[in-house]
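Notebook open, model loaded. I want to look up a few spots and jot down what turns up.

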Amino acid sequence: MEKEFKIPPVSFASAGNPSIGDPNNQQRRVPRPPFQPNSGIPFMSFDIGSAAVSTSSGPIYSGPGIGGGSVNFDDEEPLLDELGIHPDQIWSKIRSVLNPFRVNHTVHKDADLSGPILLYMAFCLFQLLAGKIQFGVILGWIVVSSILLYVVFNMLAGRTGNLDLHTCTSVVGYSMLPVVIFSALSLFLPQGGFLGISIAAVFVLWATRASTGLVVSLTDGGDEHRGLIALMN
């Protein structure tokens, strides 16, 4: 005789919504809103309007005038003065060399390299217009002559020698002005011949006299070695 067992019915929740089988659970659950990318992740915001409002709400950086007021650029020094380039001093030194008989040495006490670099570029430009590319040769002669004049003069002067390399380079550079003028005139003069050599000799003597006068005036005991200074120049 077979015995029958009563099995209580089992209810399975559906795959799509597990709350269908349980009516009490269905009442307790609160429906969720769909996923919004900009709700909890600020860097994944897709709301263009809110981004525009946030960026236009105020400047990110307003400069140093936040605590001390607006910046006044009228009080700033000119760019050339900040770089150590003084055009008025350069023009005064160039005018002092233009007089071959009386060179004003007082304006050359404040040595600079801006004027010599300007004259060097002008000299190279005139040589380039003449068909001669001699940038390295000209720069090499300027450096060698400045170092040679500095070393020899301080060796002869001994402890009383007060000629520094910066002043020596500035003097040699500004004394190159007559040679620069001759290189500009040589573009219109016939090459070679007695006339060209004579004019070149005059400009070379002019540059030598200017350089010698400046070195003697700016140093102590330079009168004793005037001939040697002129020979080195």
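First, my term for helices: they are DSSP runs of H or I with at least four residues, numbered from the N terminus. This is a predicted model, so I keep to its limits: local features need pLDDT of at least 70, side-chain atom pairs count only at pLDDT 80 or more, and totals for chains, interfaces and linings use all residues. Residues are numbered from 1 along each chain as its sequence is written, and side-chain values use heavy atoms, with hydrogens and water left out.

Entry: helix H6. I found H6 at residues 114-129. H6 has 16 residues and reaches 23 Å from first C-alpha to last, close to the 22 Å expected (1.5 Å times one less than the number of residues). I then listed its buried residues (under 20% relative accessible area; exposed is over 50%, partly exposed in between; 1.4 Å probe, protein chains only). They are Gly115, Pro116, Leu119, Tyr120, Phe123, Cys124 and Gln127. Their cover includes helix H5 (87-98), helix H7 (135-157), helix H8 (165-174) and H9, going by contact (heavy atoms within 4.5 Å). After H6 comes glycine 131, with a positive phi near 90°.

Entry: serine 183. I placed serine 183 in helix H9, residues 177-185. Serine 183 is buried, because its relative accessible area is 2%. Its side chain reaches the backbone oxygen of valine 180 at 2.6 Å. Leaving out residues up to four places away in sequence, serine 183 touches Phe123, Phe126 and Gln127.

Entry: nonpolar patch. I asked which residues make the nonpolar surface patch of about 730 Å². The answer is Leu125, Leu128, Leu129, Ile133, Phe135, Leu187 and Phe188. Such patches take residues with over 30% relative accessible area and no salt bridge, nonpolar side chains (Val, Leu, Ile, Met, Phe, Trp, Tyr) being joined within 5 Å and like charges within 9 Å. H6 gives the most to this patch, with three residues. Leucine 187 sits in the loop between H9 and helix H10 (193-218), and counts as partly exposed because its relative accessibility is 32%.

Entry: salt bridge. I found one salt bridge in the structure (a side-chain nitrogen of Lys or Arg within 4 Å of a carboxyl oxygen of Asp or Glu). Lysine 93 and aspartate 112 meet there, N to O at 2.4 Å. Lysine 93 lies in H5 and aspartate 112 in the loop between H5 and H6, so the pair ties together parts 19 residues apart in sequence. Lysine 93 counts as buried at 1% relative accessibility, and aspartate 112 is buried at 11%.

Note on methods. Helix = DSSP H or I, 4+ residues; strand = E, 2+ residues; numbered from the N terminus. Polar contact = N/O pair within 3.5 Å; in protein donor to acceptor, adjacent residues only side chain to side chain. Areas by Shrake-Rupley, 256 points an atom, 1.4 Å probe, with all protein chains shown as cover.
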